[in-house]
Amino acid sequence: MRFPFDFSKLALRFHRQKFVPLQEVDENLSREEVRRKRRQKEEMQAYAAVGGAAVAVVVFLIVIIHLLTGGKAGKQEAKAKQSQQPRTKVEQASESAQNTEAEQGEEESDIAKQVAEAAAKEEAKQAEENPVPDEVKILDEVIAGYLKSMSLEEKVAALFMVQPEQLMNTGAMLKAGGDVSDALSQYPVGGILFTEKNMKDGDQFLELVSNMRTYCNKETFMAVAEEGGKDSPFYKKKLVEEVTLSQSEIGKQKGVADAYSVGIEFGQRLRAFGLDMNLAPVTDVVLDKGSAITSRSFGDDQEDVITFSKSVMNGMIDQYVRPVIKYFPSYGDVKTDGTAGEVVSKRTLEDLQKNEMEVYKQMIQAGANIIMVSEVEMPEITGDDTPACFSEKIVTDLLRKELEFDGIVMTDYVNKGAINKTYKQSAVAVEAVKAGCDMIVAPGKFKDEYNGLLKAVQDGEITEERIEESVYRIYRVKYKNLIDYENYTPEE
């Protein structure tokens, strides 16, 4: 099956926004302001190009209407002079003023109507001559065709984002050879998540990512978690020399421009190594200064978190790197991140509504289409000790329905103690999918979790249609900006 994609132009099609070169940046403006002004300029140019003909028609109509209006005024003046009833000058002036005001009101109303009608007709003509492709319909057709060509095994594999070692069940992977190619042919996973364990030096890591991309489907996500600061995997492994500002430093400095610049830097760094997804920014609001997320968060002010998170996200998007917003719900009031064992929060639904729902609402409205759900247990909301990423009340009721999020929902890393000490490996992916998640991140034992999910579908515990829902959401993000909509034909 052939797809209407030109992957050689991925960087051009991945995002329609343009990055402003450094030489175009006014020193008196922030990068965000420059970017906004440039977009406004481009929009005005587009409007001018589309509406040029309409303007010409409108001007012509206005000239004709004014000529007609002048004629009417002359006739009215002559008619007034022919009036037989004698009137004083004051009466004449008053009547003339009233007539003039009434006529002007009618004329202005007529002009407005005719101008609007002319503009509407011209707009309709332009739309007929230059129809805009129905991108949503085309995207649905492409994905539907792809799903028909996939086996159940391929659909299930597409729901996993694995670390290289998890795929091969080996130690730290620094090279990818034929055995990796064979494994990816058997298990065409939806994403590869690299960590500092896969980094020795720049050349080695670049070659590893390049080989993995060659062995994978071209649409496979290539991801890393880069949050900046001294914990950056690139800095810790000396693939970069300078420390990038951490989120907590940005929050303390109240630097919106800094946040956007960091997003740009993340994007450029990842693209340089062939990566296209970053598991960042952290959008948790600090609710307790002693929480595990304090050093990784923008701070305890909800508005600041929203502002800085948007800026970092936009910076990455402008460099064609997909951001992953994390975590929902937050680790803002808990002492550990779930690595050692379960994490329990006493927050209520009211607490969630007050302190963090607005963050995710704003991020979704700003264009976030991938969100990672945490492993925090919230018994006051769920009524039990289910981790958030396994809870239908959290994933489906709150994130999907209340926040109206229809993008990709990822689990938190499921190889943590918070999951492994409670759930059988074969049940991990099953629980995540039942809750409403689309991608299972960093499985502890990938093949066990893959086989567990596959068996659940084969046994009817989970329908194949439910798996396809997640594949559809994943591919909608992967393919949205890779399709040549203008030249698309259904035969493809």
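Reader: How much of the contacts with a separation of 6 or more comes from residues 24 or more positions apart?

Author: Such residues account for 77% of those contacts in the protein chain.

Reader: Let's look at one helix. Which residues of α7 are buried?

Author: Helix α7 covers residues 178-186, and its buried residues are Val-180, Ala-183 and Leu-184. They lie on the same side of α7, because they cover an arc of only 95 degrees around the axis.

Reader: And which exposed residues does the face turned away from that buried side carry?

Author: That face of α7 carries Asp-182, Ser-185 and Gln-186.

Reader: What is the mean pLDDT of the protein chain?

Author: The mean is 83, and 75% of the residues reach 70 or more. Where pLDDT is low, the predicted coordinates should not be read in detail.

Reader: Where does pLDDT stay under 50?

Author: One such stretch is residues 1-32, for which the model has 69 contacts beyond four places in sequence. Another is residues 71-85, for which the model has two such contacts.

Notes. Residues numbered from 1 in each chain as written. Predicted model: local features only at pLDDT ≥ 70, side-chain atom pairs only at ≥ 80, totals over all residues. Heavy atoms only, no water. Buried < 20%, exposed > 50% of the residue type's maximum accessible area, 1.4 Å probe, protein only. Helix = DSSP H or I, 4+ residues; strand = E, 2+ residues; numbered from the N terminus. Arc of directions from axis to C-beta. Contact = heavy atoms within 4.5 Å. pLDDT = per-residue confidence, 0-100.
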